[in-house]
2 protein chains.
Amino acid sequence: MEQHLLLKELQSKYGFPTEEFPKLLAFFRKKQFKKNEIIFKSGDIVKHTYFVLKGCTRQYYVSPEGAERTIYFAEEGAFCGELMSFLHGTPTNLNLQALEDTDVIYLDLKNWETAITSIPAFTLYHIKNHQRLMAKLKEEVGKAHNETPDEKYRRLVNEQPHLLQRLPQYQIAADIGVTPETLSRIRKRNTQI
Amino acid sequence: MEQHLLLKELQSKYGFPTEEFPKLLAFFRKKQFKKNEIIFKSGDIVKHTYFVLKGCTRQYYVSPEGAERTIYFAEEGAFCGELMSFLHGTPTNLNLQALEDTDVIYLDLKNWETAITSIPAFTLYHIKNHQRLMAKLKEEVGKAHNETPDEKYRRLVNEQPHLLQRLPQYQIAADIGVTPETLSRIRKRNTQI
DNA sequence: GCTATTCATTGATTACGATCAAGAAATCAG
DNA sequence: CTGATTTCTTGATCGTAATCAATGAATAGC
């Protein structure tokens with residue numbers, strides 16, 4: 001029997017008792033999103049927290065002028081959501097969009113709280129995983145200013161090469177923080193060896 | 001009797017039972033840092049997590065070329081540390097520096113774990129506070145690319161005016177992500193009304 | 001109080017990404 | 001398969017921050 005993607009994620013990071021898993025999984029429900037569907041948008045109060053089984057989502061920020069800036073992509077085996085809004089019931093200022101037809105499982109707040117309070121290993125996963133994410137974000141903030149677009153592109157090629165294959169270039173451009181034109185030139189510069 | 005700064009912080013955000021506080025405080029130890037002292041640096045394994053009682057610290061990232069980029073400043077009443085390294089025992093890639101003579105209280109890992117497991121309200125503070133920080137960082141990542149340096153400066157003036165008074169300009173410049181020369185010109189542009 | 005650093009300002013030049021504009025290539029619908 | 005969108009590339013111009021360089025102001029050490 002094949003291992004559930006969620007269990008795999010929980011165990012790959014910090015160990016999770018297999019026997020607890022069915023109990024945890026029971027709190028989740030399934031859902032599907034169509035390609036390009038907006039899952040939540042700025043101003044919404046986020047009601048669910050999602051785990052991607054198949055497909056890909058992007059979380060992004062929209063500036064007052066309408067420019068988009070992607071914060072991160074969640075592929076298969078990753079949580080995506082916005083716990084700040086989810087936990088506090090406040091409007092989010094981020095947007096979440098499915099970039100492909102995407103299958104997820106999700107928790108509502110009630111089930112999330114029950115799961116967290118009744119399954120300590122799940123709590124531990126959360127705390128530790130958030131440290132990981134936070135560390136990544138801090139690094140992003142740090143690098144956001146000190147790296148040239150060329151460096152950012154090469155880092156993306158090294159760290160997340162799969163994204164290059166599954167995303168259109170203007171999405172990559174939004175992630176790096178440049179215009180599509182500039183990305184096209186960067187690619188030209190960095191391809192010819 | 002004056003309320004302890006830590007209790008104030010714990011209660012201001014999400015409510016913390018006052019009667020539990022002495023028990024929590026007992027896990028902490030005191031320490032002082034001199035102005036400009038490096039508390040930890042990239043490559044270190046962070047052994048403590050700090051709460052600032054007096055003074056100010058900055059957490060920053062150093063690029064391979066030696067350029068510094070400040071992630072955030074912690075003033076009185078704020079935690080500062082690097083839980084990723086602290087909890088996982090892995091080397092950090094961030095640096096923490098006291099910008100003034102600074103008094104802190106701190107926890108080592110053993111006491112942190114004991115406090116977290118024995119004082120649920122402290123756990124709750126952590127989880128929720130991390131969401132807040134994470135949301136801020138995400139916004140930072142989002143704005144890092146879409147804001148012009150002028151906009152970043154004006155946002156700093158609006159959101160953290162006290163920092164302008166207590167920090168030298170080249171620190172502000174490192175925070176905004178420009179050279180000191182550029183900041184000087186930005187200030188000139190934005191001062192003359 | 002005076003000298004020595006460190007820090008802030010100003011100027012001139014350079015480099016690079018944004019923007020505007022137009023074609024080419026790829027994707028999609030019928 | 002064909003026409004219509006959408007996406008990607010290429011070119012030319014423009015604006016702005018980095019860099020290099022030098023002077024002025026403020027701080028710290030003796």
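**Core, sheet, chain contacts and DNA surfaces**

Trainee: Which residues touch the most other members of the largest nonpolar core?

Mentor: A nonpolar core is a set of buried Ala, Val, Leu, Ile, Met, Phe, Trp, Tyr and Cys residues joined through C-beta atoms within 7 Å, buried meaning that 20 or more other C-beta atoms lie within 10 Å of a residue's own, with C-beta atoms placed from the backbone. The largest such core has 76 residues, and those that touch the most other members are A:Tyr50, A:Val52, A:Val104, B:Tyr50, B:Val52 and B:Val104. This is a predicted model, where local features need pLDDT of at least 70 and side-chain atom pairs count only at pLDDT 80 or more, while totals for chains, interfaces and linings use all residues. Residues are numbered from 1 along each chain as its sequence is written, and chains are lettered from A and ligands numbered from 1 in the order in which they are written.

Trainee: Which element gives the most to the side of chain A that touches chain B?

Mentor: Contact requires C-beta atoms, placed from the backbone, within 7 Å, and 28 residues of chain A meet 28 residues of chain B in this way. Helices (H or I, at least four residues) and strands (E, at least two) are DSSP runs, numbered from the N terminus. Strand E5 (68-75), helix H3 (83-88) and helix H5 (120-146) of chain A each supply at least two residues of that side. The most, 17 residues, comes from H5(A).

Trainee: Why is one side of strand E2 (38-40) and of E5 of chain A left without a neighbour in the sheet?

Mentor: Strands pair if DSSP finds at least two bridges between them. In chain A, 4 strands form an open antiparallel sheet in the order E2-E7-E4-E5. E2 and E5 stand at its edges, so each has a single partner strand.

Trainee: What is the bridge partner of A:Gln59 in E7(A)?

Mentor: Strand E4 (residues 56-62) and strand E7 (residues 94-98) of chain A pair in the antiparallel sense over 5 bridges. In E7(A), the partner of A:Gln59 is A:Leu96.

Trainee: Which element provides the largest share of the surface near DNA strand C?

Mentor: A residue is near a strand if its C-beta atom, placed from the backbone, lies within 6 Å of it. DNA strand C is surrounded by 16 residues, the closest being A:Thr182, B:Pro168, B:Gln169, B:Tyr170 and B:Ser184. Two or more residues each come from helix H6 (149-159) and helix H9 (180-191) of chain A, and from helix H8 (169-176) and helix H9 (180-191) of chain B. The largest share, 6 residues, belongs to H9(B).

Methods
Two residues are in contact if their C-beta atoms, placed from the backbone, lie within 7 Å. A residue is buried if 20 or more other C-beta atoms lie within 10 Å of its own, exposed if 12 or fewer, and partly exposed in between; C-beta atoms are placed from the backbone.
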